[in-house]
Every structure is written in structure tokens, then in C-alpha cells.
Amino acid sequence: MYNKAIYAGSFDPITNGHIDIIRRAEKLFDKLIIAVIRNPEKDPVFTIEERIELITELFKSSNKIEVEGFEGLTAEFAKKKDSFTLIRGLRAVSDFDYEFQMSQINRALDPRIESVCLMTDAKYLYLSSSLIRQLASYGANISEFVPKSVETALKAKGHLK
Ligand code: COA
């Protein structure tokens, strides 16, 4: 059987926490689609095109990983891609309620959808994209949390001193 999965998110920007989840999911599936949302609820630092480009560059050597943009419901995107496994990274226990709710909603939208939660590496438990943006704006050293290309891109945006 050909197993494929979707890892959806804003990725504004992608962090080492996301990359850890992607590398582990890559081992479990034949194909992994990283789905970058044009999220109308968030006002991103990076355009969707910039986010896609950063992620594509990071995973260009993997023949299992595809990067795509989408808008609207993740369930609709899943149907379009004929790919009904959604990867989620679970960080602290506090993520659980939200993930539980999302998985219920997604299954109500399309019963074929299953959410697979991978436990985030302890190093990245408290990491989020907005935390990175905030740390960068104060000129903190973020090299432990994001790839070099993201640091460079944040600098270019004037978001890293
Ligand atoms: N390492 C580091 N950071 C992580 C992480 C990890 N393993 N997992 C999540 N995060 C961060 C994200 O960067 C994000 O940070 P931010 O809020 O500062 O941007 C935060 O934790 C929340 O992550 P997540 O819940 O994945 O939010 P998201 O905005 O990246 O993605 C979607 C959310 C796109 C998956 C969800 O909103 C969605 O499916 N939207 C489409 C609409 C829809 O279908 N709705 C019905 C289902 S609820």
C-alpha cells in the first residue's frame, strides 16, 4: 500500500521543531506533503511564496517530501490530494485539547481523515513560530531553534538584529 500524509501549518517561519517532526514522519510514510496555509487569521511575516521557498530548499534532497500551498479547509486539501492522514506535532500537554478538537472537526468534515500525533522532541517543547519571531525582534540568538536559511531570511526582513 502507498502511504501518504499531510503536515499542515503556517510555518511562519519553519523551526527545528517542525523539521524534527517532518524528518520523523518521513520515515513512516512513502510521501509527505508539507502543506503551507495562507492563513487569513494570522498576519504572516513571510508571504506564502517565501515560506514555500524556504521549506522547499530545506528538503530538496528528499524524494518523499513535497511542499504545497493551500487555503481553506485542511479537510478539503486532503480530499484534493487524496491523502487522509494528517500529521500533528504534540508539544506540551496543553496542546492536547486543541489537537483533540481539531481531529474531531476534521473527521466530522471527512470521516476518512485520521490525525497522527508525533511527540515533539523535548528540546522543542516550548518552541513556536511566534516565539522565534519575538526572540528575533529582540536580537536574541535563535541559531539553536531554526536553520541558517531562516535566520538569514529573518535578517533580510529586518526581524533579526
Ligand atoms: N515545533 C515547533 N513549533 C511548533 C510545532 C513543533 N513541532 N508544532 C506546532 N508549532 C507551533 C507553530 O509554529 C505555531 O506557531 P504560531 O502560532 O506562533 O504560528 C503553533 O505552534 C501552533 O501550531 P499549529 O496548531 O500547527 O498552527 P498553524 O497555524 O501552524 O497550523 C492549521 C494550523 C493550518 C493546521 C489549522 O489552522 C488548519 O487546519 N486550518 C485550516 C482550517 C481548517 O481546516 N479548520 C478546521 C480544522 S480545526
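This is a predicted model. Begin with the aromatic rings, which form three aromatic pairs. Select Tyr 7 and Phe 11: their ring centres are 5.4 Å apart and their planes stand at 70°, so the pair is edge-to-face. Both residues are buried.

Next, select Ile 55. Leaving out residues up to four places away in sequence, Ile 55 touches Phe 11, Ile 14, Ile 34, Val 36 and Val 67.

The largest nonpolar core has 32 residues, and Ile 14, Ile 22, Leu 32, Ile 34, Ile 55, Phe 59 and Ile 87 have the most contacts inside it. Among the elements that give two or more residues to this core are the strands β1 (4-9), β2 (31-37) and β3 (65-70) and the helices α1 (16-28) and α2 (48-58). Helix α1 gives the most, with four residues. A second, separate core has twelve residues, including Ile 6, Ala 8, Ile 37 and Phe 84. In soluble globular proteins, nonpolar side chains tend to be buried together.

Select Leu 73, Ile 105 and Leu 109, which make a nonpolar surface patch of about 280 Å². Leu 73 is in the loop between β3 and α3 (74-81). Its relative accessibility is 45%, so Leu 73 counts as partly exposed.

Turn to the charged side chains. How many salt bridges does a search of the whole structure find? The count is 14.

- Select Asp 12 and Arg 133. Their side chains form a salt bridge at 3.5 Å, N to O. Asp 12 is in the loop between β1 and α1 and Arg 133 is in helix α5, so the pair links parts of the chain 121 residues apart. Asp 12 is buried, with 5% relative accessible area, while Arg 133 is partly exposed at 24%.
- Select Arg 24 and Asp 20, whose salt bridge is 2.9 Å, N to O. The two residues lie in helix α1, four residues apart, about one turn of the helix. Arg 24 is partly exposed at 28%, and Asp 20 is buried at 16%.
- Select Lys 60 and Glu 57, joined by a salt bridge at 2.5 Å, N to O. Lys 60 is exposed at 60%, whereas Glu 57 is partly exposed at 48%.
- Select Arg 38, Glu 49 and Glu 71, which salt bridges with shared partners join into one network.

Last, select Tyr 126, in the loop between β5 (114-119) and α5. At 67% relative accessibility, Tyr 126 counts as exposed.

How values were computed
Residues numbered from 1 in each chain as written. Predicted model: local features only at pLDDT ≥ 70, side-chain atom pairs only at ≥ 80, totals over all residues. Heavy atoms only, no water. Core = buried A, V, L, I, M, F, W, Y, C linked by side-chain atoms within 4.5 Å. Buried < 20%, exposed > 50% of the residue type's maximum accessible area, 1.4 Å probe, protein only. Contact = heavy atoms within 4.5 Å. Patch = residues over 30% accessible without salt bridge, like charges linked within 9 Å, V, L, I, M, F, W, Y side chains within 5 Å. Areas by Shrake-Rupley, 256 points an atom, 1.4 Å probe, with all protein chains shown as cover. Salt bridge = Lys/Arg side-chain N within 4 Å of Asp/Glu carboxyl O. Phe/Tyr/Trp six-rings, centres within 6.5 Å; stacked < 30°, edge-to-face > 60°.
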